[in-house]
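Here are a few notes to read alongside the structure. Keep it open and look up each spot as you go.

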Amino acid sequence: MSSRSDAEALDRADQLSHLRSRFELPGGLIYLDGNSLGPLPVGVRERLADVVEVQWGRDLIQSWNTPAWSGLPARVGARVARLIGAPEDTVIVGDSTTVQIFKLLVAAARLRPDRRVLVSDPDNFPTDSYVVASVARLTGLELRWCDPAEVAASLDESVAVVELSHVDYRTGRLYDAAEITAAAHAAGAVVLWDLCHSAGAVPVDLDAWDADLAVGCGYKYLNGGPGAPAFVYVHRRWHDALDQPITGWMGHLAPFALERDYRPAPGVAQMLAGTPPILSMSALDAALDAFDGVSITDIRAKSLALTDYFTSLAEERLSAYGVSVEVPRAHEERGSQVCLRHPGAYGLVQALIARGVVGDFRDPDYARFGFTPLYLRFVDVWDAIDHMADVLNSRGWDAPE
Ligand SMILES: Cc1ncc(COP(=O)(O)O)c(C=O)c1O
């Protein structure tokens with residue numbers, strides 16, 4: 001039988017434990033929802049105060065002529081690039097993930113004008129599926145649903161584009177992106193990866209995967225705050241051929257020349273559309289300081305240790321209450337989250353939130369917990385499971401409230 005002192009010993013040995021001080025975490029809270037919205041990193045508050053009071057409040061329009069605002073999308077993109085194994089000039093930050101997916105999907109379809117099929121996962125995050133279906137209608141492509149674990153069976157010479165998530169938002173299943181990309185390329189298709197649940201949490205090596213296109217959000221493991229802008233990645237081989245559909249002035253070769261006709265900016269800069277959201281982009285920029293000097297390899301090692309620990313404690317202490325632990329057992333198939341399935345999962349999550357243990361609920365019976373190695377401790381895992389055992393034992397998940 002394990003004990004809390006085991007968790008304390010794991011924390012003492014943790015090489016990343018000092019990183020917790022890079023976040024403003026509310027006292028007494030065990031935050032297992034960083035895969036939905038990361039907490040507030042130290043430094044963001046001060047940066048935003050400067051942007052509001054000085055850059056906007058005092059300097060007004062002049063700030064567009066300073067490095068603080070001009071070039072911010074590319075600078076933040078370059079910082080994200082380091083976390084996802086991409087060259088700095090292939091990533092830029094801008095709109096929401098949903099809008100970025102739309103732009104890249106249409107652009108991808110235009111790269112394969114002679115093909116007629118768009119392949120995607122029906123269990124992907126809904127925004128992906130909604131946009132995939134809309135783009136299929138818009139471009140005249142036929143939509144072919146596939147299980148990412150068996151994507152090869154859906155590939156043939158008719159496939160223009162494959163759109164998939166690297167990590168499944170519900171099950172936490174991590175797919176072999178290099179293998180899938182190679183299979184899609186062998187069939188002549190272009191691949192778009194959604195990295196929302198991997199960027200900043202699991203190793204992503206777009207260069208080594210030979211990936212074509214990718215998107216990912218700024219507010220989960222990157223901790224950029226609610227509605228933080230998403231990033232896009234475009235492999236250099238597509239920089240000249242790319243033709244994205246939202247041809248706004250900020251993606252123009254010479255935005256301030258105010259020409260009548262559109263001419264794309266070179267490289268990934270053409271993925272910009274309208275005026276960049278400077279407030280939220282500045283917050284994301286400051287948030288990325290939390291990754292300074294930290295290797296993704298170390299983050300991954302701690303993430304796996306946390307999810308292993310959570311899984312073994314959940315099996316030891318919760319299975320007697322009808323809880324099943326849904327996590328890919330093989331490390332190479334695991335993201336940075338674990339789901340517990342229970343008929344009362346909704347009530348369980350609510351009862352835990354009332355106790356200061358924050359996870360989230362996903363239909364139909366998933367209680368989902370995300371593990372962010374930058375600030376989570378092993379004692380947090382121990383305490384969270386202890387609360388869960390107590391809620392299940394007292395049937396707190398079945399309480400009217
Ligand atoms: C895999 C995935 N893609 C896309 C989104 C939505 O992104 P956005 O709201 O930034 O458009 C989410 C949100 O949770 C997600 O999990």
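Where is the place of Asn 223?

1. Asn 223 is in the loop between strand E9 (213-216) and strand E10 (231-234); helices (H or I, at least four residues) and strands (E, at least two) are DSSP runs, numbered from the N terminus. Phi of Asn 223 is near 60°, a positive value in a residue other than glycine.

2. Some background: this is a predicted model, where local features need pLDDT of at least 70 and side-chain atom pairs count only at pLDDT 80 or more, while totals for chains, interfaces and linings use all residues. Residues are numbered from 1 along each chain as its sequence is written, and side-chain values use heavy atoms, with hydrogens and water left out.

3. Now look at Asp 363 and Pro 364, which are joined by a cis peptide bond with omega about -5°. You'll find Pro 364 in the loop between strand E14 (360-362) and strand E15 (366-370). Most residues other than glycine have a negative phi, and most peptide bonds are trans.

4. On to the ligand. Residues around it (a heavy atom within 4 Å) include Ser 96, Phe 125, Tyr 219 and Lys 220. The shell divides into three nonpolar, six polar and three charged residues (Ala, Val, Leu, Ile, Met, Phe, Trp, Tyr, Cys and Pro are nonpolar, Asp, Glu, Lys and Arg charged, the others, Gly among them, polar).

5. Check the side chains here: an N or O atom of Thr 97 is 2.8 Å from a ligand oxygen, and an N or O atom of His 197 is 2.7 Å from a ligand oxygen. Asp 128 has a polar side-chain atom 3.1 Å from a ligand nitrogen. For such polar contacts, the N or O atoms must be within 3.5 Å.

6. Finally, helix H1 (residues 4-13) packs against helix H11 (residues 378-393) at about 155°, with axes 7 Å apart; axes are lines fitted to C-alpha atoms over the stretch in contact, and angles run from 0 to 180 degrees between N-to-C directions. H1 and H11 are therefore roughly antiparallel (over 145 degrees) to each other.

Technical notes
Polar contact = N/O pair within 3.5 Å; in protein donor to acceptor, adjacent residues only side chain to side chain. Parallel < 35°, antiparallel > 145°, perpendicular 65-115°, else oblique.
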